[in-house]
Amino acid sequence: MDKDIIRYGGQGFRKPLKTLELGPIKAELMEDGSLRYIKVNGIEMIRSLLVTVRDQNWGTAPGKFSSISVDQKEHYIDISFQAIHQQEDIDFRWRGNIHIRKDGNLIYFMDGEAHADFLKNRIGFCLLHPMDLAGSEVEVETADGRFKSLFSKLITPEDPFVNMKSMAIVTKDRLNMNILFEGELFQTEDQRNWTDGSYKTFCTPLHLPYPIAMTKGTKVKQTVSISMNSVNSMVKDLFQPEQEPILKITGEVLGKLPELGTLLAPMTRPLNDREQDQLKELNLSHVRCSLNLTEADWRLKYGYVHDAAKKLNLDLEIELITDEDERMIQEALELIKEAGSRIKRLSIYPDKAPDSPAETRTELFGASLRACQYVTTRKLLEMLRKHLGQSPLMLVGGGSRSNFTELNRTLMPLTLMDFVEYAVNPQVHAEDLDSIVETLPAQAITLQTAKVLSNELPVHISSVTLKGRMNPYAADDEAVRCSQNRMDQEDQRLNSLFAAGWTLGSFAHLALENAQSINFYEGTGALGMIKEGGHEVCPAYYVIANIGEFANGEVLKLVGLDAKVMTGIALKKGDHLRVIAANLTDEVISVGIDMSEWNYSAAKIRFLDEVNYSTVIIDKSYWLKTYYSCLVTSQSIPVNLPPLSLVFIDF
């Protein structure tokens, strides 16, 4: 099998067209004309600077770039290129020029024109600020004057800076960055709302009406000018050369292992024996199903779901989707009661946007406001509680089926809820592997914020998937329904080592913030960890199975991980200690496992990598019997992690 398929599920990490270095500035020029990882003295100042073209459903029209020229001299770098964005009705073309100066100045100019009539929500510059800027000082110039603020540590429901002409940032490392915008007013949103690892500054402000009709010949010209310098003469000493990482397993208990579950695909047949056996070996707490009461065959589907949960001897978590039809809710509850299902949690959501607008925590416009219509409503909860009666063993709740954003922005009827939940996926704004990795630490921040929002109610992650299960920002109810097409949710990267490492990272960041439960992917099928028929599994299957063995165990503090290159978790149950770590890069990483606080004398080490990939996805017995025994004779166990590989160490 092709190495790129095994490692990445297809195309690998984006490689820069050219790495730019001039004085204290370092950046990567990408093939799409963007600049990534703009650093000063080794400290990241801007995650990405690019031009985007977004259609009326917030879809991105990709560009084709040509005539790229890079002229580098001792004191400057000049870059120029041409770009064409053509997708369906969209035809937009622009010329880009980038000027970098040794004194820390950077200017990016775009000059574009519509070559057809089309609708757009956005055309222009987008800047991503790394989430490490949390707590940094910001001074913003708007059309109404200047004010000072901070990049918030918790995720803000509102967009903190609107109608901007410029912004000045002083980082925690005392680097000073001034950004001037010309040609448009700009707005900043907290993109961690969607688990992106960044804050985003973009044009056009969302309070202005959209979509906007672009007529052939319409011009778009914008400039972003950035100056970067140190306000601390010692800042260059803050950058340290890379050293071999040491992972230290401490005895500090951070919490109990979250309950693990998976989604059941919409079932049209019973699970076969092999699928059942594979699901049982995941050591799950429960399975979750989505039951849409507006669909004609929902009763048949529920019958299969009930039988599957019963055969697996697992509790059932139900996501009820309905319109405001009290009779249908009553009928569904009666069927569930008659079936005798072991229901652990029951959440409820509208199938379409209700007539009454959502109560939001901040002023929203357009698609942002409409997206909040698809969250759990007070009316649906009242109907559910009315017909549920007194059922102390069944917890009732809800939240957002799509993103944390809508939970953060909507006033939830918490007094009617036993728990809150939201879904996680890493591809709301970008689909490249680097951006997907960058979502991992942002997942932890969503959970920190959700716990504050929920007024101490338990917080559950209803689903972790590689692609979103719905797009609440689509133009209308029909477009939102179309966005739930299951074929569009398929991502071949689920079959890769990359997805296994990312899955471990997702669990680690959510577990360390004490998520009550987490549902990963679907159990079987095209979107599942177990392929149709049960004869093959994804590498992520081994991550969930090895974590599931520690159900009701403890999560320990693991020190020394750099979230950009590695992820890991330490689990303990009784005397059994397990460390799982993953290399998130396409380079070999050498790491030492520090056992100085423990007195274990031996360890068993298993790898999941491109050497055994093709065997273990079809033969679990090979995985179980293939390991290395290691005597713990020193304070550190040296481990070499091949690209995108995982290591499982048992003590």
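I began with Arg 95, which I put down as partly exposed because its relative accessibility is 33%, and a residue counts as buried only under 20% and as exposed over 50%. The model is predicted, so I treat this percentage as a computed value for that model. The side chain of Arg 95 meets that of Asp 111 in a salt bridge, with 3.3 Å from N to O. I then checked where the two residues sit: Arg 95 belongs to strand E7 (residues 90-101) and Asp 111 to strand E8 (residues 105-114), so that the pair, 16 residues apart, links distant parts of the chain.

Searching the whole structure, I found 49 salt bridges. As a reminder to myself, side chains of opposite charge can pair when their charged atoms come close.

One of them joins Glu 281 and Lys 620 at 3.1 Å, N to O. This pair also links distant parts of the chain, 339 residues apart, with Glu 281 in the loop between helix H2 (273-280) and strand E21 (286-292) and Lys 620 in helix H13 (residues 620-625). I noted Glu 281 as partly exposed at 34% relative accessibility, and Lys 620 as partly exposed at 24%.

Another is formed by Lys 379 with Glu 324, whose closest N and O atoms are 3.1 Å apart. Here Lys 379 lies in helix H6 (residues 378-388), while Glu 324 lies in the loop between strand E22 (315-322) and helix H4 (326-339), 55 residues away in the chain. Both ends are partly exposed, Lys 379 at 43% relative accessibility and Glu 324 at 35%.

I also recorded a network of linked salt bridges, which includes Glu 259, Arg 288, Asp 315, Arg 342 and Arg 469.

**Entry 4, the loop between E16 and E17.** The peptide bond from Cys 203 to Thr 204 is cis, with omega near 0 degrees. A cis bond also runs from Tyr 210 to Pro 211, with omega near 5 degrees, and Pro 211 lies in the loop between E16 and E17.

Most residues other than glycine have a negative phi, and most peptide bonds are trans. Asn 283 is placed in the loop between H2 and E21 and is partly exposed at 32% relative accessibility. Asn 455 has a positive phi of about 55 degrees and sits in the loop between helix H8 (433-453) and strand E26 (459-464). At 60% relative accessibility, Asn 455 counts as exposed.

Last, I looked up a nonpolar surface patch of about 200 Å², made by Leu 17, Ile 68 and Val 70. Ile 68 lies in strand E5 (residues 63-72) and is partly exposed at 34% relative accessibility.

Key:
Residues numbered from 1 in each chain as written. Predicted model: local features only at pLDDT ≥ 70, side-chain atom pairs only at ≥ 80, totals over all residues. Heavy atoms only, no water. Patch = residues over 30% accessible without salt bridge, like charges linked within 9 Å, V, L, I, M, F, W, Y side chains within 5 Å. Areas by Shrake-Rupley, 256 points an atom, 1.4 Å probe, with all protein chains shown as cover. Salt bridge = Lys/Arg side-chain N within 4 Å of Asp/Glu carboxyl O. Buried < 20%, exposed > 50% of the residue type's maximum accessible area, 1.4 Å probe, protein only.
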